[in-house]
Amino acid sequence: MMNDYKGRLLIVDDDEQTCAFWKLALSEAGFIVDVAHNLDEMKEIVLRYTIDVVLLDMNLKNENGLDGIPFLVSRTPYSKVFMLTAHASIETAVSALQDGATGYITKDTDPGVIAEMICKHLQTQNRDVIDPTVEEFAQFGFIGKSKAFQDLCIRLKQLKDVDSTILLLGESGTGKEVIARVLHKISNRASERFEAINCAAIPENLLESELFGHKRGAFTDAKADRKGIFELCSKGTLLLDEIGDMPLSLQAKLLRVLQEKVVVPIGSSVPVKIDTRVIAATHRDLVEEIESGRFREDLYYRLSVVPLYVPPLRHRKEDIPLLVESFISEFNTRFGRNINKPAESVMKRLVAYDWPGNIRELRNAIERAVVLTQDDHLRIEDLFHHLHSSHRNAEPNIPVDPNKGANQLPSGISRELFKLPLTEAKQVFEKIYLETQLSETHGNISETSKRAGRYRADIYRLLERYDLQIDSFR
């Protein structure tokens with residue numbers, strides 16, 4: 001298991017055995033390690049991820065490692081670049097440092113020493129930035145204390161007033177929308193409008209109108225002029241979530257908006273000037289999407305002016321207890337409960353689990369457990385209700401024993417649910433019902449829609465409403 005997350009590191013070396021050895025050693029030291037065997041592979045990885053440290057071999061097959069420094073300096077200026085060589089040379093070391101390298105490492109150096117040296121450089125870099133406090137970000141629902149969390153806070157402080165497009169990269173459920181909202185609230189645009197639009201949740205024929213607006217009569221249902229979300233957010237911030245799912249037909253139009261800072265509503269030929277800060281987010285590998293022809297390369301470069309990697313929860317395990325306590329407090333207030341902090345044995349289980357659905361899955365688990373528990377304690381079976389085999393294989397209908405009268409509640413339903421206003425109680429039940437059906441059908445939308453007696457489109461809308469990720473049920 002990885003130690004406390006220290007950063008993302010890229011090894012560029014043409015020797016596969018050397019790469020394998022160093023990757024293992026530095027991964028154990030707490031780094032996420034990527035490997036490239038030539039300069040082209042190095043460039044692809046740098047454009048794909050936010051790299052904290054690059055270990056660049058001086059002598060690659062048919063290539064000089066020094067030739068890669070200008071690219072690194074221009075595309076990832078915040079990265080620390082260390083040159084690797086089997087034979088120390090003062091001349092080449094001086095040349096590398098003059099070109100922008102951070103330091104010089106010989107290949108016979110112990111990996112543990114290298115890890116310590118890298119960490120020292122990263123800590124020195126971070127001390128040059130105002131160190132954010134936990135309280136400062138907690139007020140926005142952004143909570144943690146791990147090294148990965150602190151590094152992310154530092155990067156947010158650096159980017160808060162930058163108008164360049166920011167691309168948030170990371171797995172589903174890692175809190176990319178929360179981060180976008182934090183960036184807006186600490187920026188010089190905080191008094192203006194923030195909006196988030198999910199490019200995967202809106203049909204293609206509606207998405208263009210939502211983004212760019214339309215003029216009356218532009219299409220059948222266009223009864224009046226309507227401003228698009230870009231224009232509405234001018235002077236503010238717009239999050240384009242799941243940008244990797246945007247239809248190709250709209251990608252060219254989005255590129256023009258980002259380049260020229262104007263939008264042209266549907267049915268109009270008059271461009272409208274905008275001043276909208278754009279943050280894009282995706283869980284997809286956009287480089288792979290480009291290679292498969294599903295995403296425009298020119299749009300990718302325009303979006304990824306400032307890429308920001310959001311680490312998964314399994315790399316922030318130190319933050320789990322804080323998140324759990326925060327969610328319990330939130331749902332206690334919402335549902336009028338008085339649920340206690342989990343027992344030590346329960347918390348250990350929560351920390352040990354890898355949470356493939358990340359913070360979203362953890363939050364949903366706490367909400368479900370708060371609703372289902374019959375007393376003031378969270379139980380393992382309630383927290384992991386959606387994973388338990390007995391629930392996956394159970395019949396969807398829970399019969400009530402007629403011998404126990406009409407006051408009996410179905411198994412798993414807390415009487416606290418009946419203390420809520422009807423509208424809110426219906427929403428809580430609807431979410432639990434949907435999670436149960438999806439768990440039992442292993443995320444099969446068609447089967448879930450049949451069981452629920454609803455259209456597939458309705459199920460997708462409910463997934464969006466309750467912030468559920470279909471992949472977590474498969």
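Select helix H9 (residues 204–212) together with helix H11 (residues 248–260): they pack at an angle of about 10°, with their axes 11 Å apart. Axes here are lines fitted to C-alpha atoms, for helices over the stretch in contact, and angles run from 0 to 180 degrees between N-to-C directions. Angles under 35 degrees count as roughly parallel, so H9 and H11 are roughly parallel to each other.

A note before you zoom in: this is a predicted model, in which local features need pLDDT of at least 70 and side-chain atom pairs count only at pLDDT 80 or more, while totals for chains, interfaces and linings use all residues. Residues are numbered from 1 along each chain as its sequence is written, and side-chain values use heavy atoms, leaving out hydrogens and water.

Now show side chains. From H9, Glu 204, Leu 207, Glu 208 and Phe 212 meet Ser 249, Leu 250, Lys 253, Leu 254 and Val 257 of H11, where contact means heavy atoms within 4.5 Å.

Next, jump to helix H14 (residues 320–335), whose 16 residues reach 22 Å from first C-alpha to last. Colour its buried residues (under 20% relative accessible area, 1.4 Å probe, protein chains only): Ile 320, Leu 323, Val 324, Phe 327, Ile 328, Phe 331, Asn 332 and Phe 335. Look down the axis of H14: these residues fall within an arc of 165° (taken from the directions from the helix axis to the C-beta atoms), so they line one face of the helix.

Finish at Gly 336, which follows H14 and has a positive phi, near 65°.

Key
Helices (H or I, at least four residues) and strands (E, at least two) are DSSP runs, numbered from the N terminus. The expected span of a helix is 1.5 Å times one less than its number of residues. Buried means under 20% relative accessible area, exposed over 50%, partly exposed in between (1.4 Å probe, protein chains only). Angles under 35 degrees count as roughly parallel, over 145 as roughly antiparallel, 65 to 115 as roughly perpendicular and the rest as oblique.
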